[in-house]
Amino acid sequence: MLHNTFGLTMSGGGVRGIAYIGVFRACEERRISWGNMAGVSAGSLAIAVKAAGYNNVEMQNIMKSLDFKGIQLTDASRLPVVQDFLAFAGKRTNPGENTVIEFFNQPSKGTRINPPGSYRGNILNNIVTYCQEGALYDGDYLEEWLYDYLARKGIRTFADVRGGVCDKLNQRGYKIRMTGVDCNRAKTVVLPDGLEYYGIDPDKFEVAKAVRISTCVPFAFKPVVIKRNGVKHYLVDGGVFDTFPYWLVDNSEMPAVGFRLTGRKKFFSIDTPWNVIKSIIAALHDIGVPKQKESMVDFIQDIDTQDVSALDFNIGDEVKGFLVKSGYNSANDLFGKIKPYFPSDYAKNFLKKISG
């Protein structure tokens with residue numbers, strides 16, 4: 001394995017994922033190549049475009065072609081989830097992030113795909129119920145937009161992204177994989193491998209559809225429905241349970257790096273309907289199982305996105321430029337600290353690691 005080849009994991013973060021263009025620019029300048037790549041939400045979109053063979057300049061042009069101004073469907077104030085949450089929060093003295101969890105942990109008024117009191121059951125039931133009643137954007141637009149760009153490079157299904165490193169975590173050898181959450185099962189689903197549960201051949205599943213699932217932020221988009229034995233399963237953004245699925249990259253074959261999108265602090269505000277939605281989404285992300293103390297990723301770098309929100313799709317060129325630069329600088333900082341890993345050196349370190 002060449003010393004400049006790495007496994008890669010990229011976190012979620014909505015529009016802040018623009019920073020990943022800067023990451024890939026820095027890596028192209030350093031002639032970094034990628035083995036297996038994993039991501040969630042914005043990270044899944046980034047690795048899909050990269051796996052198709054687009055460079056950072058082309059990525060910037062692709063970003064400019066995604067016009068969220070033209071697909072916003074609903075005024076946030078009209079969403080039932082905003083109206084009901086404001087009524088609920090108005091009865092609290094000092095509403096905050098925990099108020100969101102309290103609100104969604106109530107018995108569902110509608111969809112009951114999980115029994116009351118089950119593992120995060122009420123929360124997931126209410127997410128599905130309110131998402132069915134209204135979302136901000138049209139998920140079909142995002143999927144069709146991405147499908148077109150991937151198809152231009154000959155990428156349609158996961159059969160087209162075979163050729164990665166086969167290992168114990170990626171036995172089919174997909175170059176890219178991502179995650180979603182099955183609300184019915186309260187379970188993270190690895191895409192495409194986990195599709196076998198639904199009777200779907202992973203090789204035949206469209207990459208753009210998988211990205212849509214992984215980026216299906218509750219209340220920004222409606223859940224993706226997949227049927228199994230006639231039962232509807234509602235799949236949403238994998239970041240609801242885990243915003244950094246580093247465990248998808250097995251570093252037994254090569255060193256692995258990971259990039260996480262971070263801000264100054266978790267957002268909470270209910271002064272406008274738009275801020276209510278942003279607050280709800282922030283509170284309902286990364287609510288999965290406790291993280292392992294040791295990561296399979298050898299090197300992790302945080303990318304500072306300051307006060308940019310995951311849903312700030314209409315940011316201007318100046319903020320986009322800031323995000324790209326932040327990703328670029330962060331990648332250079334990371335690789336500037338990493339000594340080249342030659343096969344013999346890495347093998348010794350890995351054997352030492354697994355032997356305790």
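Colleague: What percentage of the 356 residues in the protein chain do buried residues make up?

Modeller: This is a predicted model in which local features need pLDDT of at least 70 and side-chain atom pairs count only at pLDDT 80 or more, whereas totals for chains, interfaces and linings use all residues. Residues are numbered from 1 along each chain as its sequence is written, and side-chain values use heavy atoms, with hydrogens and water left out. Buried means under 20% relative accessible area, exposed means over 50% and partly exposed lies in between, with a 1.4 Å probe and protein chains only. On that basis, the buried share of the 356 residues in the protein chain is 56%.

Colleague: How many helices and strands are there in the protein chain?

Modeller: Both kinds of element are DSSP runs numbered from the N terminus, a helix being H or I with at least four residues and a strand being E with at least two. Counted in this way, the protein chain has 11 helices and 8 strands.

Colleague: Which elements are included in what covers the buried residues of helix 6?

Modeller: Helix 6 (residues 121-133) has 13 residues and reaches 19 Å from its first C-alpha to its last, close to the 18 Å expected at 1.5 Å a residue, where the expected span is 1.5 Å times one less than the number of residues. Because 11 of the 13 residues of helix 6 are buried, this helix is largely enclosed by the rest of the structure; among those buried residues are Asn122, Ile127 and Tyr130. Taking contact as heavy atoms within 4.5 Å, the cover of the buried residues includes helix 4 (80-89), helix 5 (97-104) and strand 6 (231-237).

Colleague: What do the buried residues of helix 7 pack against?

Modeller: The 13 residues of helix 7 should span 18 Å at 1.5 Å a residue, and its end C-alpha atoms are 18 Å apart, which agrees. Its buried residues include Leu142, Trp145, Leu146 and Tyr149. These buried residues of helix 7 pack against helix 2 (42-51), helix 3 (56-65) and helix 8.

Colleague: How are helix 7 and helix 8 oriented to each other, oblique or roughly parallel?

Modeller: The axes, which are lines fitted to C-alpha atoms over the stretch in contact, with angles from 0 to 180 degrees between N-to-C directions, come within 8 Å and cross at roughly 140 degrees for helix 7 (residues 139-151) and helix 8 (residues 207-214). The contact is made by residues including Glu143 and Leu146 of helix 7 and Lys209 and Val211 of helix 8. Angles under 35 degrees count as roughly parallel, over 145 as roughly antiparallel, 65 to 115 as roughly perpendicular and the rest as oblique. Helix 7 and helix 8 are therefore oblique.

Colleague: What does Lys209 count as, given its relative accessibility of 25%?

Modeller: Lys209 is found in helix 8, a helix that is mostly covered, with 7 of its 8 residues buried. Residues up to four places away in sequence aside, Lys209 touches Glu143 and Val224. At 25% relative accessibility, Lys209 counts as partly exposed.

Colleague: Which handedness does the crossing of helix 1 and helix 10 have, left-handed or right-handed?

Modeller: The axes of helix 1 (residues 19-29) and helix 10 (residues 317-337) come within 6 Å and cross at roughly 40 degrees, and the two helices are therefore oblique to each other. A crossing is left-handed if the near helix is turned anticlockwise from the far one by less than a right angle, and right-handed if clockwise. The passage of helix 1 across helix 10 is right-handed.

Colleague: What distance separates the C-alpha atoms of Thr157 and Lys204?

Modeller: Thr157 has its place in the loop between helix 7 and strand 3 (176-182). Leaving out residues up to four places away in sequence, Thr157 touches Asp203, Lys204, Phe205, Glu206 and Val207. Although Thr157 and Lys204 are 47 residues apart along the chain, their C-alpha atoms are separated by 5.5 Å.

Colleague: Which peptide bond is cis, with omega near 15 degrees?

Modeller: Most residues other than glycine have a negative phi, and most peptide bonds are trans. Pro192 is found in the loop between strand 4 (187-191) and helix 8. The cis bond, with omega near 15 degrees, is the one from Leu191 to Pro192.

Colleague: What is the relative accessible area of Arg31?

Modeller: Arg31 lies in the loop between helix 1 and strand 2 (33-39) and has a positive phi of about 60 degrees although it is not a glycine. Arg31 is exposed, its relative accessible area being 69%.
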